[in-house]
Amino acid sequence: MTTTNGSNEAIPTLQLLDPEGRRVTTRGTKGYRDRAAALTAEDLRGMYRDMVLTRRFDDEATSLQRQGELALYAPSRGQEAAQVGSAYALRPQDFVFPSYREHGVLQVRGVDTVDRLRFFRGSDHGGWNPNEHNAQVYTVVIGAHTLHAVGYAMGVQRDGTPHDATDGTAVITYFGDGATSQGDVNEAMVYATVNQAPVVFFLQNNQWAISEPTTRQTRTPLYRRGEAFGMPSLRVDGNDVLAVYAATQEAMERARRGEGPSFIEAFTYRMGAHTTSDDPTRYRTTDQEEVWRRRDPIDRLAALLRAEKELDDDYVAEVQQSADELGVRLRAGVRALDGGAPVSTFEDVYATPHGVVASERAWYEAYEAGDPPADQYAIAETAQGGAR
Amino acid sequence: MTTMAERTQTTSGAPAGTRTLTLGKAVNEGLRAAMRHDDKVMLMGEDIGPLGGVFRVTDGLQAEFGEERVVDTPLAESGIVGTAVGLAMRGYRPVCEIQFDGFVFPAFNQITTQLAKMHNRTRGAVQVPVVVRIPYGGGIGAVEHHSESPEALFAHTAGLRVVSPSTPQDAYTMIQEAIACPDPVLFFEPKGRYWAKGEVDLDAEVGSSTLDAARVVRAGTDVTLVAYGPSVETALKTADALAQEGRSAEVVDLRAVSPMDTATVVTSVRRTGRCVVIHEAPVFFGAGAEIAARVTEECFYALEAPVLRVGGFHTPYPVAKHEHDYLPSVDRVLDAVDRAFAH
């Protein structure tokens with residue numbers, strides 16, 4: 001398949017499943033087709049299920065924001081194949097550094113649905129323990145986490161983990177087309193290639209950085225950025241869950257074998273708004289949205305499974321039932337999040353006692369108790385002394 | 001808590017004793033001791049390998065510990081700190097060298113939005129014990145960006161500890177305590193004092209006492225001079241000059257700007273009644289403003305005069321030809337003390 005960007009340049013793009021859900025057998029893709037063929041029907045149904053649940057999570061979260069229950073939400077609609085497909089290629093020991101829209105990755109990673117909305121609720125700056133799921137919390141400063149991913153991968157190198165496609169450890173970091181313009185992302189690619197760190201740069205090119213089209217970020221196809229830094233780079237149809245899975249698995253195995261970083265551009269489309277605060281009608285056409293609606297990644301996988309007689313109405317109903325349960329649990333769970341007591345603001349600022357935080361907390365607690373001390377710094381001094 | 005004696009015995013079997021070292025060499029020895037003690041400690045920075053850093057602070061460390069633990073990084077400061085965050089998440093204790101104060105700003109975002117907040121963002125699940133070493137301050141006749149004092153910018157960010165040694169002994173002990181600390185530490189090294197010599201007890205106990213405890217380096221009764229890093233020497237020289245005038249100055253070495261050991265300062269000022277703060281950084285929104293506010297609130301009825309500040313001006317750090325007029329000198333501190341006594 002070739003697709004075009006604003007320059008009408010034909011760009012080689014790996015596709016294993018066409019928009020109608022038919023397997024594609026292009027020359028030169030046998031290695032990827034073999035990887036996709038190794039997925040069992042059960043695997044594919046699992047992917048379908050996780051994509052549907054991610055879509056439902058998205059709809060529920062958007063509704064919760066509209067009801068005033070979330071401060072903000074960044075929908076992933078349209079990017080389910082890129083996220084679920086790549087996450088299926090990860091192993092438990094691998095570590096994920098997401099941006100803030102990777103709800104499908106976290107779905108596969110097993111991060112609790114309510115925990116995933118703590119950040120957007122405004123009750124947490126993170127929401128889960130990164131070490132429980134080998135998945136870092138969301139990072140909002142664009143591209144900053146890609147350096148953390150490379151550093152983590154440099155640590156993996158120093159740990160002496162086995163150089164093995166299965167038992168080795170690799171890191172994957174997710175970012176968007178806008179992020180490719182950030183200095184940190186470019187520095188991350190320098191550090192990754194110079195050190196041959198076991199990390200995969202997974203770009204979801206959803207074509208929009210809020211209101212700015214990809215043409216405001218680049219004149220060249222973005223996968224070529226990876227090439228320029230000196231790592232294997234590939235563009236895949238980001239709405240084709242099989243191509244995404246196969247490409248990511250290849251790159252992760254390369255990293256686990258100790259053969260260095262890779263770059264994947266998953267070419268996809270942000271079907272929804274940037275966030276619930278955004279208004280895409282101001283900068284893009286409904287015609288374009290309609291074109292991409294016809295390339296819906298979930299419909300595509302469902303068509304494949306139907307054609308191969310691996311998806312019946314019972315299973316669809318079962319997934320629907322799970323989605324309904326997800327919605328019920330999510331709505332109740334989110335409404336129950338309150339961020340804890342106000343004094344919790346003072347917790348975990350430092351890992352060891354810090355005199356300023358200790359004194360301000362002591363004063364605040366006295367103030368809250370209706371007993372504001374006449375001499376703020378007397379209590380401050382005591383607390384500070386106690387902290388030492 | 002491990003004493004240096006215990007640490008040394010594991011490697012050489014005998015106490016290391018006391019040596020006369022420059023401040024720069026004391027940091028070097030502190031880094032070496034920390035790396036011998038914990039194999040997760042690693043150094044990252046530009047030109048820190050075979051060259052030993054532009055100030056030779058890492059001299060000989062790559063030869064001893066190898067390229068995996070003493071890493072010559074690409075020339076990108078955000079990358080140094082950003083990858084250090086990831087390494088810390090994987091269990092390492094990276095010590096980053098920023099070549100000069102003025103070059104920390106490409107890493108400012110990583111330090112303030114990521115390094116400082118990671119522990120809080122994860123509600124304590126993740127620790128990022130990263131040390132960022134920054135040679136800072138002026139007086140060495142350098143070109144632009146090589147003489148600045150940006151410590152207040154970091155002290156204003158919760159989640160960071162900001163410290164600065166003034167003596168070889170403190171440099172040796174504090175760098176080890178900074179590395180052992182579970183929190184990120186901005187370690188400001190007074191580059192103008194790198195060649196100053198002092199006795200260093202290499203068996204000194206390494207706990208956490210120097211990271212948030214000021215110390216009275218000279219006792220006095222008439223005025224308290226508060227300083228840290230390179231300005232402690234200026235304060236001591238001022239105290240000498242005052243002694244000749246028959247005035248007794250107490251000198252407090254703050255050691256840390258965050259946290260700030262207000263208690264030690266307040267205890268001193270309650271006795272002396274006068275306080276002058278000295279630092280090379282601009283006084284406008286500088287650490288001295290914080291000290292002045294806290295001392296005023298806490299010592300209001302003990303004060304004979306307003307708290308005064310001596311430091312840099314609200315200008316870019318000047319050209320080298322003019323830096324000695326800009327830096328807080330003994331004369332300017334004496335002028336401030338005179339003003340304090342005139343009240």
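Begin by selecting Pro282(B), which, leaving aside residues up to four places away in sequence, touches Gly311(B), Gly312(B), Phe313(B) and His314(B). Bear in mind throughout that this is a predicted model. Pro282(B) sits in strand β13 of chain B, a strand that covers residues 275-282. Is Pro282(B) buried or exposed? Pro282(B) counts as buried because it has 21 C-beta neighbours inside 10 Å, and the cut-off for a buried residue is 20 or more.

Next, select Val276(B) and display what surrounds it. Not counting residues up to four places away in sequence, Val276(B) touches Val223(B), Leu225(B), Leu308(B), Val310(B), Val333(B), Ala336(B), Val337(B) and Ala340(B). Val276(B) also belongs to the largest nonpolar core, a set of 200 residues in which Val199(A), Leu225(B) and Val276(B) have the most contacts. To follow this core into chain A, select helix α10 of that chain, residues 241-256, which provides the largest share of the core with 10 residues.

Colour chain B by its domain assignment, which gives domain 1 as residues 4-210 and domain 2 as residues 215-342. Taken over C-alpha atoms, the centres of these two domains of chain B are separated by 26 Å, and the contact between them takes 23 residues from domain 1 and 21 residues from domain 2. On the domain 1 side of this contact, α7 (151-155), β6 (161-163) and β7 (185-190) of chain B each supply at least two residues, and by class that side has eight nonpolar, 10 polar and five charged residues.

Now show both chains together and look at where they meet. In this interface, 44 residues of chain B are in contact with 38 residues of chain A. The elements of chain B that give two or more residues to its side are α4 (77-89), α5 (108-115), α6 (118-121), α10 (262-272) and α11 (287-299). Which element gives the most to the side of chain B that touches chain A? That element is α4(B), with nine residues. By class, this side of chain B has 17 nonpolar, 18 polar and nine charged residues.

To see the contact itself, show Ser78(B), Val81(B), Gly82(B) and Val85(B) of α4(B) together with Asn109(B), Gln110(B), Ile111(B), Gln114(B) and Leu115(B) of α5(B). These residues divide into four nonpolar, five polar and no charged.

The last stops concern backbone geometry. Select Ser258(B) and Pro259(B), which are joined by a cis peptide bond with omega about -5°; Pro259(B) is in the loop between β12 (256-258) and α10 of chain B. In chain A, go to Asn134(A), which is not a glycine and yet has a positive phi of about 50°, and which lies in the loop between α6 (130-133) and α7 (144-159). Asn134(A) counts as partly exposed, because 18 C-beta neighbours lie inside 10 Å. Finish at Ile210(A), where phi is again positive, at about 50°, in a residue that is not a glycine.

How values were computed. Residues numbered from 1 in each chain as written. Chains lettered and ligands numbered in written order. Predicted model: local features only at pLDDT ≥ 70, side-chain atom pairs only at ≥ 80, totals over all residues. Contact = placed C-beta atoms within 7 Å. Helix = DSSP H or I, 4+ residues; strand = E, 2+ residues; numbered from the N terminus. Nonpolar A, V, L, I, M, F, W, Y, C, P; charged D, E, K, R; others polar. Domains from an automatic or database assignment. Core = buried A, V, L, I, M, F, W, Y, C linked by C-beta atoms within 7 Å. Buried ≥ 20, exposed ≤ 12 C-beta atoms within 10 Å, placed from the backbone.
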